[in-house]
Amino acid sequence: MNAHERRLEDKKLYYLRNRAREQEKARERARQNRENETPEQANARKEKHRKAQARYCAENQSILALKAWKYRVKKKAQAEREKDEEEFQRLMALED
C-alpha cells in the first residue's frame, strides 16, 4: 500500500469514526447557507432539488413500485392479523 492509498484509507476511517459530528457540521453549514441566500437563490435550490427527485424517480421507478407494493401488502397483512386477533378475543370472551 503506497502513501496515497494509506491517506485515502485514513480519510475513510476518520469520516466513519466521526460521522455524527460531520453530519452535524454539514447541517450547520447548510443552515447558515440558507440564512444568507436570496429568495431567487432559494427558489433555484428548491427547483434543483425537485429536478433531482424527478430524475431519481424516473431512474428507479421499478424499485420504488416494488417497495410500495411490499409496503401495501405488509400493511394489509397487519390489518388482517389485527382483525383476526380482535375476532379471537371476542370469541374467547363469549366462551367464558
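**Salt bridges.** I began with Glu28, Arg31 and Glu35, which are linked in a network of salt bridges. I counted a salt bridge where a side-chain nitrogen of Lys or Arg is within 4 Å of a carboxyl oxygen of Asp or Glu. My search of the whole structure found seven salt bridges.

**Ground rules.** This is a predicted model, so I took local features only at pLDDT of at least 70 and side-chain atom pairs only at pLDDT 80 or more, while totals for chains, interfaces and linings use all residues. Residues are numbered from 1 along each chain as its sequence is written, and side-chain values use heavy atoms, with hydrogens and water left out.

**Pairs.** I found Glu37 and Arg45 joined by a salt bridge, 2.7 Å from N to O. In helix 3 (residues 39–59), Arg50 and Glu47 sit three residues apart, about one helical turn, and their salt bridge has its closest N and O atoms 2.9 Å apart. Glu87 and Arg90 in helix 4 are also three residues apart, again about one helical turn; their closest N and O atoms are 2.7 Å apart. I reminded myself that an α-helix has 3.6 residues a turn, so residues three or four places apart point the same way.

**Exposure.** I called a residue buried under 20% relative accessible area, exposed over 50% and partly exposed in between, with a 1.4 Å probe and protein chains only. Glu87, at 36%, is partly exposed, and Arg90, at 43%, is partly exposed too. Of the 96 residues of the protein chain, 3% count as buried.

**Overall form.** The C-alpha trace spans about 75 × 45 × 30 Å along its principal axes.

**Helix 1.** I checked the 15 residues of helix 1 (residues 3–17): at 1.5 Å a residue they should span 21 Å, and the end C-alpha atoms are 21 Å apart, which agrees. The expected span is 1.5 Å times one less than the number of residues.

Notes
Helices (H or I, at least four residues) and strands (E, at least two) are DSSP runs, numbered from the N terminus.
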